[in-house]
Amino acid sequence: MGCQYFEPCDHGAGTFTVAMPKLTFGRGCLSEIGERAQARGFTRVALFTDPTLLSGPYVATVCDSLKKSAIDFEIFSNIRIEPDDRTIIEASLFLVEGNYDSVISVGGGSSIDTAKAAMVYACYPADFTDYFGAPVGAGKPIPGALLPHIACPTTSGTGSECTSVSVIRLNEHNCKFVLGSPYLLPVEALVDPSCTESLPANVIASTGFDLLCHALECYTAKAYTRWPVVASPKQRTLLQGANPWSDMAAKKALEIVGEFLSRGVNESSDTIARDQLMWGATLAGMAFGNSGTHLPHAMSYGVTHYMRDIETEGYSMSSPFVPHGISVVVSAPAIFRYLATGAPERHLEAAGYLGASIAGATKDDSGEIVGARLVELMRETSMPNGLKGLGFNDNDVRPMTDSVIRQTRAIGNAPRETNAIDIENIYRDALTLW
Ligand SMILES: [Fe+2]
């Protein structure tokens, strides 16, 4: 490719793959679900949603649309925010017992990820960690196709409707890990931005920073040409590093979040901003679904592993709970200040897309500029001031690091080599951000 960032290197990949579901975006498109399911031959649908959405208007729209198209369905709604292995086992039993030919998910990342993972264990029963990578799992590939899945996100952050991964908390480890396979990709996504109108400010903020970090991690990820060449296309993971496709979507997502995040959070009636954030989340999903994330997401799992005595306004989860997007962004300014020397031009460009002034800046300034812009956005949207703002202190740094160091693929996708001492130092820098 023409971009210097993707120049070939010895033994590096020369090929990348783009995977995408068929995508429909726009206000009101949720009501198309019946006809779309019918067109795909769905006759008996397992409908996944969460308890807070169950009696609300979006699930009602989907149910009405399915009924109009004479499609039989049953609902599974016992889904917790940030699903764990218990949730997935229960959901997979629901699938096995119901004899379904298809799946629809309506909700945030938790509903979509539950639907994805439940299908794995319903279709290919195994010990729960068999399909997770080392060191926690056996690293077995998911053997084959799952049920056709139409995903309908109701928050503007997850991007899960466009990805081949599902993030699950393993209770044995009290930590989240990623299940990944091309078979997890939904066949279709219906993205209706009107679903975000009723979301509280803090949910827009958390999901907005999730989308921001998806895009920023994609754009700054290790180039796909720096990952080893694979012997067979079956071995090519879709978390394949930065590539021209992901760049394109990530760049636009960064521009959107830089312009509209504060508006969308601070003014609930600003439908233009909230619609834009939903499009940004979709673009960021298209991007990171084909590049993978890196250190901010990996280090967020240390936060959710050791969080205590904390809850977040706007979320129904009891303590301890830190929303995913906040757990990701809370260390991000310190992380990008550290990583920038691995790809300074990229960090500078990304800061510019996010709305930072980069006129006259040099490569040496890139880490500080992107870190400062992230802090600025966090302050505009009332985010916690670093890890201390979430109740962590210096004593937590070592155990959090020990937890995170297991996220080997994500750490390896960063633009700079990172060891346990680096991660400890970054966490310390992230204790207080301003
Ligand atoms: Fe995320």
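This is a predicted model: local features need pLDDT of at least 70, side-chain atom pairs count only at pLDDT 80 or more; totals for chains, interfaces and linings use all residues.
**Stop 1**

Domain 1 takes 4–16 + 199–429, and domain 2 takes 28–191. Their centres, taken over C-alpha atoms, lie 24 Å apart.

Now select the residues where the domains touch. On the domain 1 side there are 32 residues, in contact with 22 residues of domain 2. Which element gives the most? Show α8, which supplies 9 residues. Colour this side of domain 1 by class: 15 residues are nonpolar, 13 polar and 4 charged.

**Stop 1: the sheet**

Switch to cartoon view and find the open sheet of 6 strands. Read across it in the order β1-β8-β5-β4-β2-β3; the pairing is parallel. The edges are β1 (22–25) and β3 (72–76), each of which pairs on one side only. Neighbouring strands are turned against each other by 15 degrees on average, with direction ignored.

Next, select helix α3, residues 57–68. This helix packs on the sheet and touches β2, β3, β4 (102–107) and β5 (149–153). The directions of α3 and β4 make an angle of about 155 degrees.

**Stop 2: strand β2**

Select residues 44–48, which form β2. Is this strand enclosed or open? With 4 of its 5 residues buried, β2 is largely enclosed by the rest of the structure.

Turn to the β3 side. β2 and β3 pair in the parallel sense over 5 bridges. Pick out F48 and its bridge partner in β3, F76. Then take A46, which stands opposite E74 in β3.

Now look at the β4 side. Here β2 pairs with β4 over 4 bridges, again in the parallel sense. V45 stands opposite S102 in β4.

**Stop 3**

Show the side chains at the contact. α11 brings A332, P333, F336 and R337. α13 brings G367, E368, V370, G371, L374 and V375. Coloured by class, the contact has 6 nonpolar, 2 polar and 2 charged residues.

How values were computed: Residues are numbered from 1 along each chain as its sequence is written. Two strands pair if DSSP finds at least two bridges between them. Helices (H or I, at least four residues) and strands (E, at least two) are DSSP runs, numbered from the N terminus. Axes are lines fitted to C-alpha atoms, for helices over the stretch in contact, and angles run from 0 to 180 degrees between N-to-C directions. Two residues are in contact if their C-beta atoms, placed from the backbone, lie within 7 Å. Ala, Val, Leu, Ile, Met, Phe, Trp, Tyr, Cys and Pro count as nonpolar, Asp, Glu, Lys and Arg as charged, and the others, Gly among them, as polar. A residue is buried if 20 or more other C-beta atoms lie within 10 Å of its own, exposed if 12 or fewer, and partly exposed in between; C-beta atoms are placed from the backbone. Domain bounds come from an automatic or database domain assignment.
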